[in-house]
Structures are given as C-alpha cells and as structure tokens.
Amino acid sequence: MKFDSLLIHFGELSTKGENKKMFINCLYRNIKVALDNPNITYKKDRDHIVLNLNGEEPEKIIKRLQDISGIHRISPIYRGSRDMNELKEQALGLIKNVKGSTFKIETKRGDKRYPLNSYQICCEVADHILDNTELTVDLHEPDITLHLDVRDDCVYISCATYLGCGGYPLGMNGKVMMFLSGGIDSPVAAYSMLRRGVKIECLHFAAPPYTSQAVIYKLEDIIAKLGVYQPEIKLHIVPFTKLQEDIYKYCDESYAITIMRRMMMRIGTLAAKRYRCLAIATGESIGQVASQTLQSMQVINEVTNFPVVRPLAASDKLEIIDTAKRIGTFDISIRPYEDCCTIFKPKAPKTKPHLGECYFYEKQWDFESEVKDCVEGIETIVFKKGKRVE
C-alpha cells in the first residue's frame, strides 16, 4: 500500500481572516501553474489543499512544491476509509512500510460527526498495529508518528511531512523593484521578498567599459535560480557610466559611495513608478559596509519618499551566505566580476555622512538630467522559467 495524495498545509495563511479565501485561491493557482501536470487533480478546502497524484511518483512533485511560497508543510497521505475495520487495515499496511521500532498516533476530527472521538480512534488503530507488528508505543520520542485526519468523505492517513517555503502566495503582496547587483546579498533579499508573496522586477546598474558583460551573464544565472520561485522576471539594466564618472569627477572620494547610492535611489524611484512597483527593495544589511550604517541609510534615503524595503537589514553575513547556498546563488555570486559598486571603491568612505556635504557636491553639476537619461536608457530583458526570452 502506497501514499496516493499530497496534503498541503497553509501555515501562516491560517491567520488570515476574511481575506483567507483570496490567499488560498492564489496559492491554488500558483501550485497548478508550477506543477503543470494534467494527471494531478486538486481539491481545496478552508485549511488545506489535496493533490490526488493519480499514479504520479510523489518525490519530484514534493521537491517542486517546497519551492512555492505560501506552503508551510507537505504530507504524503493515503485517503483511507471512514469504516473503522477498513481504516485499521489501511493504517497497518502503511506503517509496515515505514522504518522504525516505536510509534504513536495523533488524530484530528475535521468531521465532528464521526461516532468515535479522537482518543477512541487512536486506541482502536493502535491496538490493531500492536497486535500485528513488533512495534511498541512511545508517546514522547517515537520513530513514527501516524497522523489520522477524519474528513467527511475519507480519513487522511500520513506518517511523514516535508517543510515548504512558508510565507504567502506569490502575487498577493504586490510588486517591488529589486536592486540586483550580482553579489551575495541581493539575490537572497530577492528570495526573501518572493517568500513573502511579493513579485519582483530587477534593476541593475551597469557601467561599461568599467564593468564587463560577464556581470550580465552572472545575473542571468542568478535569475535562472530565482525563476524557480517566480516564473517570469524582468531585468532592467541602467546605463550608469556617465553619471558614475561625474560622481567621481565632482565629489570628494570619501563621499563618492554615498552620492552614488543617492543617485541609485533617485533612478530606482523613477523606474519603480514607471513599472508600477509599490516599493524599492535592496540587499542592504545594517553595518555591513560604509553605505549601510544607519547614518548612511538615512542620508541616502533622503532623496525619496518612496517606500524602501530592506529584508536583510537585521541578518548577519553567515545567515545570508547559508541562504545563498541553499537557493543555489552563492557560487554564482562569488564569480570575480566587479559591478559598479566595487570598481571605484574609495579607500576611506564616509560611514557618517552629512546631508549638507551631499547637497554641496550635488550642486557641482546637472545630475538631474543624467538621472533622467539613465531611466530613459534602460534596457529590459525578460526571463521566463529562468530562460532569457529573445
């Protein structure tokens, strides 16, 4: 006897009130699009979604489901009988195929009309297993936990669970313009936004000939990894060379990074509005580099009243690296190709910049027209399921 279905647990979605149905419907659509398998049939309820595999092997499907935001857990289940004699035989048949020497049973009555209560169901099924196997009961640290969930048409039987992405279904929380440099942090920040149900469009600042085409190839590989979580992603490439050259021409070296980031925020704001994003998102982590101290962030943010989200603000570098390795972007990010933030790295950047100094340097040239030129010159590349669309 084998598991024939998968039970999708919602997790955080369960806390939603009147809007819960919208979240479930969105997750339901996202699952169907991601799996794209006509053999699988679906049934959604107020607290779960059931996938009837119809003979499909569960391993590959579970792995794909683990990458879909909004799913808390996935449990392989057998849809057993509500008749107690049949249920006992089905539970016995399943548990015999699971390795272990001790077990316990947990029962949930989704259908309160069932004639036996949860304790009585546990006792009936456990007695049958004890009489027909060498297994013993351990209520504290069992090798196997058999879950029984009584529904109005069947009983879900399971004894394994797999963690999902968590968070909210993609698309439920709007869209952001994600600054994507190609380093370690920004892809992880993008993943964090996707887990919260936020779609992304990516903005990259390119400064050829100081930056090479290899950086764009690097970004394409990163987006291929992120394409697992969002099927279609747009990459907007900003021509930043002239503006960056003038920053280093008219500004003191110690303020160059601060002024550059202020320009990026201006460009990001205009681009986000153009492409109907609700916020800008960055890979900044407090204190990691000079431009990411709180004092620097305050001065940089002064140029815009548009929302700026920093999902990694309180994460340390080791946490970020661990996530980058898990989602497959780390080895790509450490390729030795510099972006515009590193090619002119000052020896002693200001960690506590002053607004007055920024105003002084920015008055030295007509940066506003150059900012507009950057936005007008944006080149957009579309990726679908991680592949570039020509």
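**Briefing: a mixed sheet and its packing helix**

Strand E10 (residues 175-179) and strand E11 (residues 199-206) run parallel to each other and are joined by five bridges; two strands count as paired if DSSP finds at least two bridges between them. Within this pairing, Met 178 lies opposite Cys 202 of E11. The model is predicted: local features need pLDDT of at least 70, side-chain atom pairs count only at pLDDT 80 or more, and totals for chains, interfaces and linings use all residues. Residues are numbered from 1 along each chain as its sequence is written, and side-chain values use heavy atoms, without hydrogens and water.

**The sheet**
- Strands of a sheet pair through backbone hydrogen bonds, either parallel or antiparallel.
- The open sheet has seven strands, ordered E14-E13-E10-E11-E12-E15-E16, with mixed pairing.
- Strand E14 (308-309) and strand E16 (387-389) are the edge strands, each pairing on one side only.
- Helix H8 (residues 256-274) packs on the sheet and touches E10, E11, strand E12 (232-239), strand E13 (279-281) and E14; contact means heavy atoms within 4.5 Å.

**The whole chain**
- The protein chain contains 13 helices and 16 strands; these are DSSP runs, numbered from the N terminus, with helices (H or I) of at least four residues and strands (E) of at least two.
- The C-alpha trace of the protein chain spans about 85 × 40 × 40 Å along its principal axes.
- Of the 390 residues in the protein chain, 52% are buried, a term for under 20% relative accessible area with a 1.4 Å probe, protein chains only.

Methods. Axes fitted to C-alpha atoms, helices over the stretch in contact; angles between N-to-C directions. Buried < 20%, exposed > 50% of the residue type's maximum accessible area, 1.4 Å probe, protein only.
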